[in-house]
Amino acid sequence: PTLTRNTTAVIQEPKKGYHLTEDIADDAITWLREQKAYAPEKPFLMYWAPGAGHGPHHIFKEWADKYKGQFDDGWDALRERTFKRQIEMGIIPPDTKLTARDPLMASWDSIAPEQRPFQERLMELFAGMVEHTDAEIGRMLDGMAARGLRDNTLIFYIFGDNGSSAEGQQGS
């Protein structure tokens, strides 16, 4: 997709290597610069929502390839590793119990072996997409710091996606 600013489509010549998340980060950094120039003492609100964690995950190959092989043991094992790591890091209380997998979500063991590479790639794509988005958020925060806006700004970073896309489960 192309950039839309407020309700206006931003028409521009497509460039090689274009990515919407980078484009909206660039636009946000420009907006911050202009806001600081026009009204440096005026408070502002920026709502930046890339939607990049939702499928389909269109990310550059090099970002997804960074995760090659990291999900080969499937989503059930990943879920258990993540849960264990969250307890070790103190994110969740040590007596927390891992909830049962949703019965509508297939177990990794139920996935046909010939389908697993496809499912593994979906997880690699999701991980690459999320890391790329996080890097773009970092660029925006750096842009805020460069303009002296970090010390007097509330930043709410909400990552509230529902995980890797299950739409591809049956080949859709």
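**Close-up views of a predicted model**

View 1. Aspartate 65 has a relative accessibility of 28%, so it counts as partly exposed. The structure shown is a predicted model. An α-helix has 3.6 residues a turn, so residues three or four places apart point the same way. The side chains of aspartate 65 and lysine 61 form a salt bridge, with 2.5 Å from N to O. Lysine 61 has a relative accessible area of 56% and is therefore exposed.

**View 2. The salt bridge between arginine 121 and glutamate 124.** In this pair the N to O distance is 2.9 Å. Both residues belong to helix α4, and because they are three residues apart, about one helical turn separates them.

**View 3. A network of salt bridges.** Side chains of opposite charge can pair when their charged atoms come close. Here, salt bridges link Lys61, Asp65, Lys68, Arg121 and Glu124 in a network. Two of the pairs shown above lie within this network: lysine 61 with aspartate 65, and arginine 121 with glutamate 124. For the model, the count of salt bridges comes to 11.

**View 4. The salt bridge between arginine 81 and aspartate 73.** The closest N and O atoms of arginine 81 and aspartate 73 are 2.6 Å apart. Arginine 81 is partly exposed, with a relative accessibility of 34%. Aspartate 73 is also partly exposed, with a relative accessible area of 39%.

**View 5. Helix α1 and its buried residues.** Helix α1 covers residues 20–38. The buried residues of α1 are Leu20, Thr21, Asp23, Ile24, Ala25, Asp27, Ala28, Ile29, Leu32 and Gln35. What covers these buried residues? The cover includes β1 (4–5) and α4.

**View 6. Aspartate 27 within helix α1.** Aspartate 27 is a residue of helix α1. Its relative accessible area is 19%; buried means under 20%, so aspartate 27 counts as buried. Leaving out residues up to four places away in sequence, aspartate 27 touches Leu3 and Arg5.

**View 7. Helix α4 and the glycine that follows.** Helix α4 has 31 residues, and the distance from its first C-alpha to its last is 45 Å. This is close to the 45 Å expected at 1.5 Å a residue. Glycine 148 follows α4 and has a positive phi, near 70 degrees.

View 8. Leu154, Phe156 and Ile158 make a nonpolar surface patch of about 450 Å². Leucine 154 is placed in the segment after α4 (116–146). Is leucine 154 buried or exposed? Leucine 154 has a relative accessible area of 72% and is therefore exposed.

Note on methods
Residues are numbered from 1 along each chain as its sequence is written. This is a predicted model: local features need pLDDT of at least 70, side-chain atom pairs count only at pLDDT 80 or more; totals for chains, interfaces and linings use all residues. Side-chain values use heavy atoms; hydrogens and water are left out. Patches are made of residues with over 30% relative accessible area and no salt bridge: like charges are joined within 9 Å, nonpolar side chains (Val, Leu, Ile, Met, Phe, Trp, Tyr) within 5 Å. Accessible areas come from the Shrake-Rupley method with a 1.4 Å probe; for residues, only the protein chains shown count as cover. A salt bridge is a side-chain nitrogen of Lys or Arg within 4 Å of a carboxyl oxygen of Asp or Glu. Helices (H or I, at least four residues) and strands (E, at least two) are DSSP runs, numbered from the N terminus. Buried means under 20% relative accessible area, exposed over 50%, partly exposed in between (1.4 Å probe, protein chains only). The expected span of a helix is 1.5 Å times one less than its number of residues. Contact means heavy atoms within 4.5 Å.
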